[in-house]
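Here's a quick tour of one protein model. Have a look at the sequence and the fold before reading on.

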Amino acid sequence: MDKYYLTTAIDYANAAPHIGHAYEKIAADIIARYKRLKGNDVFFLTGTDEHGSKVEKAALAAGLTPQSFVDGIAAKFQDAWKRLLISNDRFIRTTEEQHKHVVQEVFRKMREKGDVYKGKYVGLYCEGCEDFLRERDLKEDGTCPNHLKPPKQFEEENYFFALSKYKDAVRDWLKSSEGRLKPEGRRLEVLNQLEDPELADFSITRSRSALTWGIAVPDEPDQVIYVWIDALTNYLTGAGYLTDEKAWQKYWPADLHLIGKDISKFHAIYWPAMLMSIEVPLPNLVFGHGFITVEGQKMSKSLGNVLDPVYLTETYGADAVRYFLFAANTFDQDGDFSVGDMISLVNSHLANNLGNLLNRLLTLLDKNFAGKVPEIKLEQGMSEKIEKATASYMENMEIFEFSKAIKDALSLVDESNKYINDSKPWALFKEGKMDEGGKVIATSMCFLKRAAILLSPIMPKLANEIWMQLGFKGTIESVTTGSDAYSMTMPAGQAVNNMGPVFKRIEDVQETAASATK
């Protein structure tokens, strides 16, 4: 069984989760569930990034100690991901003692290698980015282009990492035929950044007088390890580096680091250079996805349009939220979230199309065959249509073209509905042609069965409800490659469980995106 180690960016624990955080975690969950269906041994890691000045300030504003504050925020993230049906294997927190130990050992190894040295940094620092900026990076008004605030003048003696030693090796890695960073536009952007002569050795610690909330530099408690070294190392900790040799040998290197496009530089330049320094194999792939806007606008607390995924899930259901985010958007580009558009899309695709197909099939089966699947031999043409849609679906899933994969799965539903409408089994039954009518019903159920399997990574709850109503035991997740459940036909004589509409229409409630905000 092939392993698949999948990670997401860990989220800053300075505020509750929003729909942008959820977008990445759902995408990772879709990939994890798809890989499990293929038979991979998946390890899916996500978590929270709990050190740094932003967290410290948020805790102070809340009147809490940093640890108490991040405990509460981490719990909110874990609750949100549970509600959204995220199937992560581990939720890592950077305040865990195990992680602190790994970070300090990584620092020691880099220092022993001669890649860490003391120096003085003078320049600009953006607390929002938790990164050092240059004058040319700023907008005309002198603000950070991402956070719209002026960076602070910064002067401090701290430790630097010798990135300059590894720039050529990182460039070679990025140019390798395997395509280490995707999509292609992100790779070209990072390669351009590597050519910048100002991209040089970077500071990896802060003075304890400037930042108290962080992991201490080994043997030098007046220095705190910089948040990016702390945060990136979570991928090693999660895989058992220095703590669980069996897990480490099994899962590393990471097969996929799934991240937002804005942190491509850190994951495709800083991170591989660090791994080279400590002589650890590099990840197989880094993928920088697009952002989610809200009705065309970037999410912002000042605009009051920061969407709460918990509210959305409670109001519309996890399947509806998950489906809309990936049916309506292209993952490698920026996408948009609109409550009105979501209601319209899921009503059309899930209630009117998918749900109605299941309902009409089971109703006809109950009425004419006592709720049991008639025996048929699937026509070759029908088998080919199912296999063609499945092959296209798998090709698209492998390259994270989720919206296209969803269309492939729904093409089976469309094909089934067309077959029923053209064949009119209800008329065949009236004419006493039970075998012909039964063939239409059973064939259509074969299409729906495969559609449920293919849709299960995107909508696990809804797909399993369809699975159960089709009369199968257990869950789709328990299905493995090559099992009978993947066979083309429905088992003859299998009793179905007609429990009514599997997805009810979301009525035209008077909701706007603003009412779904905090």
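## Ground rules

This is a predicted model, where local features need pLDDT of at least 70, side-chain atom pairs count only at pLDDT 80 or more, and totals for chains, interfaces and linings use all residues. Residues are numbered from 1 along each chain as its sequence is written, and side-chain values use heavy atoms, with hydrogens and water left out.

Helices (H or I, at least four residues) and strands (E, at least two) are DSSP runs, numbered from the N terminus.

H14 (residues 380-398) packs against H17 at about 10°, with the axes 11 Å apart (axes are lines fitted to C-alpha atoms over the stretch in contact, and angles run from 0 to 180 degrees between N-to-C directions). That makes the two helices roughly parallel, a label for angles under 35 degrees.

## The strands

E10, E12 and E11 form an open antiparallel sheet in that order; strands pair if DSSP finds at least two bridges between them. E10 (205-207) and E11 (216-217) are at the edges with a single partner strand each, so one side of each has no neighbour in the sheet.

## Thr237

Thr237 belongs to helix H8 (residues 234-238) and is buried, at 0% relative accessible area. Leaving out residues up to four places away in sequence, Thr237 touches Arg90, Ile92, Gln98, His99 and Val102 (heavy atoms within 4.5 Å).

Technical notes. Buried < 20%, exposed > 50% of the residue type's maximum accessible area, 1.4 Å probe, protein only. Parallel < 35°, antiparallel > 145°, perpendicular 65-115°, else oblique.
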